[in-house]
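The sequence and the structure come before the points.

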Amino acid sequence: MALSVNDAFEEFLMNAVNLDNSVSDEAKENRAELVSALDLENDDGFFKPYKDVNFFFGSFSRKTKCRPLDDLDIMFGLSAEGNTYSAYSWDNILINPSAESPAQQECKDKCGKLDSNMVLGKVKKKLKEICDLRVNDVIKNGEAITVNYKSKDWSFDIVPCFFTKPESDGRTYYLIPNGAGAWKKTDPRIDNKRVKALVEKNGTIILDAIRLFKYWNKNAKVVTLDGYVAESLLLDYYESSNEKCAKFVDVEFIRLLAYVRDNIINDIYDPKNIQGNINNLDYWERQSVKQKVEIIYGKAIDAFNAETKEKNDPKGATKKIKNSANVPTYALEYLLGAYCTSDDETEIEEGIEQVKRILADNYVRPDEAEKIKAKIKEYGNHAVIDKLSVRLNEKTDTFEADFMFLGISKIYVHPKYVREYEKLLSGGIWCIVDMTYYYNEDEKGSPFIINDITPIQMPNLDKNEIIEARRQFNKEEWIV
């Protein structure tokens, strides 16, 4: 049985999230057999293969796939044999079939262009001919041909492709079916290289953290992100972060949740620099994901803080800072839990100094309220640590917040925060509040705007959750 939060994460990764090594090895052998069967060099009635550009892509090849292992992706290279193409956009490319290729000539549309749907149909037919009785079915599935094996949980998505010569920008591309008869550009090599480079920089723990998030995303009872989009967003974090990767996956997972929460509302750009924005969620869907991630983030923080409340007080840091700052102990514990997670003496001291800087810049002391308000006005955007209480204004039918030390009141609060953090309505709670200052002489009300609220205290008491957790205790745990 796991004795720490990190141990519990490790067990969960092994038993539910990460692919079983024996299953992965079997799938790779299965894939090699299929690729070998596609070596049709002397088949005059079929496309001439271009084996040099066959490519294993997708999350399985990048080692970012979580359970279950349901599909493996293969780029199946076709020789151009002198064909040419015209690009009208990245996803609308017309190919002029080669006069030297009977197979390409057979797949012309009424305008004389190479029809990708007809190419897919021809590949599907050939796969049915060469695959043995172990195959249950071969079907056309959008931009790929899916091969389903009997007695296997996984299938193969085979994407026929052409490989271009360098274009004017010096880049080469894979041209694959666009699902509508034409072709589109892609380059999965970039995705594979990106993951490899970030693993070399940060270690394999980032793979565990990414797979853990993707597992949650897949099973969350909310609007979910496309797996590739989610992975791209998480890799954006690792590319932009200067923080040293955490030693423990539970800490790394918390960092990813925070990044997704803060960035899912924005556009997410294709790392291959081909498509542009790939975040196809609308405004409300993005907000829904943000709110769900915020809840999970809060629970992860609570679990982490509960475990590290005493052991994660290096060198008496709480007492040391408490003596110099009139700040609640749990606020200090929250910040120390975020910045002092190492056993290294130097990193501990750096973490303590970082907490001191945050308190100096963001914690609202009663005698420095005006200084903090001036900072918000000067910077335009600033986070404060203060006790926040909320009440309903019946006259305007809105929720309004009062800041205990900042000294401002009647600040509009979005109803979602009241729903998520009920204690705001019953005495208030300490929070980190992201704020903006916007003054408009034509508008009534305060120029202070609340952008986001992150509770430092437990924001709710879920009795059902406590009762359910109590049921999991064994006799020894109750006695302890």
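Predicted model: local features only at pLDDT ≥ 70, side-chain atom pairs only at ≥ 80, totals over all residues.

1. Strand E6 and its burial. Strand E6 comprises residues 144-149, and five of its six residues are buried, so the strand is largely enclosed by the rest of the structure.

2. Pairing of E6 with E5. Strand E5 (residues 135-141) runs antiparallel to E6, and the two are joined by six bridges. Within this pairing, Thr146 in E6 has Ile139 opposite. The hairpin of E5 and E6 has two residues between the strands, and in that hairpin Gly142 adopts a positive phi near 65°.

3. Pairing of E6 with E7. Strand E7 (residues 155-163) is also antiparallel to E6, here with four bridges between them. Ile158 in E7 is the residue that Ile145 stands opposite. Five residues lie between the strands in the hairpin of E6 and E7, where Ser151 takes a positive phi near 60°.

4. Cysteines. How many disulfides does the count come to? The count is zero, on the criterion that a disulfide is a pair of cysteine sulfur atoms within 2.5 Å. Two of the cysteines may be described individually. Cys131 has a relative accessibility of 14% and therefore counts as buried, the cut-off being under 20%. Cys245 is likewise buried, with a relative accessible area of 15%.

5. Extent and lining of the second largest pocket. The space in the second largest pocket is about 1100 Å³. Its lining consists of 42 residues, and those nearest the centre of the pocket are Phe57, Arg62, Asp73, Asp226 and Tyr228. Two or more lining residues come from each of helix H3 (59-62), strand E2 (71-77), E7, strand E9 (183-186), helix H6 (188-202), helix H7 (205-219) and helix H8 (227-240).

6. Composition of the lining. Which element gives the largest share of the lining of the second largest pocket? Helix H8 does, with five residues. By residue class, the lining of this pocket divides into 16 charged, 15 nonpolar and eleven polar residues.

7. Thr204. Is Thr204 buried or exposed? Its relative accessible area is 55%, and Thr204 is therefore exposed, the cut-off being over 50%. Thr204 and Lys63 are separated by 141 residues in sequence, while their C-alpha atoms are 9.8 Å apart in space.

8. The five-stranded sheet. An open sheet of five strands is found in the order E12-E11-E10-E13-E14, and its pairing is antiparallel. Its edge strands, each of which pairs on one side only, are strand E12 (411-413) and strand E14 (448-455). From one strand to the next, the twist averages 55°.

9. Strand E13 (residues 429-437) pairs with E14 in the antiparallel sense over seven bridges. In this pair, Val433 stands opposite Ile453 in E14, and Thr454 in E14 is the bridge partner of Ile432. Although E14 is an edge strand, six of its eight residues are buried, so E14 is largely enclosed by the rest of the structure.

How values were computed: Residues numbered from 1 in each chain as written. Heavy atoms only, no water. Buried < 20%, exposed > 50% of the residue type's maximum accessible area, 1.4 Å probe, protein only. Pairing = 2+ DSSP bridges. 1 Å grid on protein atoms, 1.4 Å probe; cavity = no way out; pocket = protein on both sides within 12 Å on 5 of 7 lines; lining within 4 Å. Points joined across faces, edges and corners; volume = space filled by probe spheres on them. Nonpolar A, V, L, I, M, F, W, Y, C, P; charged D, E, K, R; others polar. Axes fitted to C-alpha atoms, helices over the stretch in contact; angles between N-to-C directions.
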